[in-house]
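I looked up which residues pair and how accessible they are.

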Amino acid sequence: MTSIPLSKDIIDWIIPCPTLGDLSSNSSDIDNDIGYLLNWMQPYFPPSLTSNTIPVTSTSTSTITKPNNDIIEPSQRVKAAIRSCLKDDSNQIEFIRLYNNSITIQFNQFFNELNNSTMNFLDYFQIIKIIHSYYIFYLQYLNISPLCKDIFTRNLNSLFYENLINNNQSQFLNSLMNYLDNSLYNLNSNSNSNSSTTNSNRIISVNEIMHTLSSINLINEANHIMIKLSIQKIKWFITNHCSKVWNRYLLEVINQYIQNKIYPNFLIGLKYSSEGNIDLNIYLYDLIKIAHDELVSLRIKEIYDIILNYPHSSQALYELYQCFSIKFNHNNYNQQINFEDSNNSSTNLINDVSNLSSFSYLVNFSLKSQSYQRTKLVDNFIKLSHEKILHSGANTIDVIITYINTIKSFLIIDPKGVLLDKVARPIRTYLKTREDIIIKIVEGLLEEDDKSELIELSQELRKIDNLEKQQQINIDDGLDLNWLPDPIDALPDFKKAKVTDIIESLISIFDSNEIFISQFTKLFGEKLIKIHNYDVKNIEQHLNLLKLKFGNNEFTSLDIMIKDIKESKLINEIIKSNINNVSENFHTSILSHLYWPTIIENISEDGDLFKVPNNIEEIFTQFSKQFSNYKSGRSLKFLPSLGSVKLQLEFNNNKIKSFNVSPDKASIISLFNDQHEELSAEYISETLGMTPYMVSDGLSFWVKEGVLLQVTKSLYIVNDDNDDNNNNNNYGDNEEAEVSIEGLEIGSVTSDIEPKSSLTIPPLNILWPNIQTLLENITMLSSEKILTLLKLRVPIELYDVRSLIINDFEEYLDWLVEQGKLELSGGFYKLKN
């Protein structure tokens, strides 16, 4: 038998792209070695697949299978032909090249037809198994070199890749994803009785799939699908189990879900693609990081509602802080990634498998996304704030509450205060435009009702120990051993203390504290006016807290106002003991008019200085006289519109009702005590010297309380039946109606007038040139300091300053203020400009 050696020249002469079929047709002897070899290897594609049926193969992967008698074992003659024809490397290489060409034609033709039909993954899988087993079976008997085997294997794998992956008509990837999804994640959870068996069969089945895909070099594509499925399940879990759940900790639940449900399935593919002794547990770490990022993305969308629900949402805020604080840095992620499109995220990348070159690509993107997430959190909160609260339709109190919650919430997310500084700026800018913001803040700081919406401001003010500690810790940065530079993402004018203290943050919205001091003075003044028992303890406590925040020297006027009320108690006790027939319930507050500007300067001669009943007027006349005797050179001016009156009204039906009203209303009802017939509004206005509006308001009040009846448009009479529901205008038999005022308790306000000029002013005027010279040189001085310097400056023969009492001297300085020569500010005197 003569063998014909194979050579490249002979093959190329036969056909430019030869196949084994071409070689066979040009053979002159059918009994030669090539004939036997080619006859054994034909056909070059599994014949069972060309018959439109899909044979079922064994599930075992330990041995090479013989699918459905598509091939037969080689005879001894064929084996001898193999040894003869493929005895050297050059022959082997050329033979494999021809074999690959022969396979390619039929391979492509088969899959072109296959991809046009509907296929599920198991159909694909059986076909892959048959084809792969078919060629590997032949390859093992050809006895070729490792190089030739590698050439053939790579060609075969490329054919699978081109027809299953690169072919646009192929449904292979989608079918694989659906199969893995159903096999790994959508098992019937109710089959508990055979759970161990079911799980075991599932793992074996998927392992076989991964083994087969690995053998044709498609394991990376399978891993990409596993990545996509895993992250889809993570997203599903986060969305369905974490949305709007802010009152309990979820990170541990998420971690357990990743570890028990996602990670075991994820490892099935990784163990076929991992190189070397890489610790696969590192991927568990990365899956958890991706889950944390998904949780952060969800919380970014919910951030406004989370802050609105503080403190009930504090657990979600603490977990957000944890997600921002954990550092996921792995040395094995060294790929260069382009982050030019900052709007992309790891969530977007998973939607396109072609964008994934490896799992580390996805994780590395996540590593770089933390700063993006912080920026996105700030931007989204600012956007939602403008939409929901920073507009004219919002209530000022709601804006303040949102601001307080924002401070507390963002300090949990970022204790350094950088994020808070950014989100607080637009709210602070907007608050400055609200006209009532000062009043609301001041009222909140002085609030005592625990149910009030702004009670939190008052609670913050009461934290005296914390305030004192803040003052003690306020040291120079250069001397602080714990000093750290501002974070890199902080704005240029970032100051943590400016935003972390709630009260300081609200106050610092405005350039000066004086507007707050003025409002505090006004509110305290109104409260002091309404005090009946001279108990200023509660106000003093609030004032002491305010001094810790604003400074001790900022509330000089309030100190004097409180002092006036305290002194009023002593003066009342002394003077009332010298007045006959004065009720124990009679109280008066004596105000130093220079220090109550918000009260006294608003007094109108027409609207506030009306007449009071004669018996009350007589008491005040006696009181004023006794006061002038007690304090020589000073007088009082009665202010009837201020204060309050507690009275009891007794009707003819013996019914008694108690009221606490303003003096104008008490004066109006007292006229009906003296008259037994109807009174007109004009008569009341003329008799009491009240404005028509004040009379109308007082009469409406008593009609509403059922004390008076409106007879006509301008006539009123006592309701002798005192029927609270009888507020009609019908006039009945009321001629005998009578009101008697009993149990009278009056809290009145009087203004302490400055000393009369005939007593004190002329002697002290000698000092004016020296006072003027002092203030020209030193600008501002207290009364004590001025008096001390005058004792050193004024000759005793001109005036004996050493014998001058400080109270008398202060009266003189206050008179100079009245004359427009001096100004008083914060307890200090200066020349009038």
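Entry one. I found that lysine 665 forms a salt bridge with aspartate 697, with the closest N and O atoms 3.4 Å apart. The pair links distant parts of the chain, 32 residues apart: lysine 665 lies in helix H29 (residues 663-674) and aspartate 697 in helix H31 (residues 692-704). I took a salt bridge to be a side-chain nitrogen of Lys or Arg within 4 Å of a carboxyl oxygen of Asp or Glu. Helices are DSSP runs of H or I with at least four residues, numbered from the N terminus.

Note on the source. The model is predicted: local features need pLDDT of at least 70, side-chain atom pairs count only at pLDDT 80 or more, and totals for chains, interfaces and linings use all residues. Residues are numbered from 1 along each chain as its sequence is written, and side-chain values use heavy atoms, leaving out hydrogens and water.

Entry two. I looked up accessibility, where buried means under 20% relative accessible area, exposed over 50% and partly exposed in between (1.4 Å probe, protein chains only). Lysine 665 is buried at 14%, whereas aspartate 697 is partly exposed at 35%.

Lysine 547 is buried at 15%; aspartate 559 is partly exposed at 30%.

I recorded 16 salt bridges in the structure.

Definitions and conventions: Helices (H or I, at least four residues) and strands (E, at least two) are DSSP runs, numbered from the N terminus.
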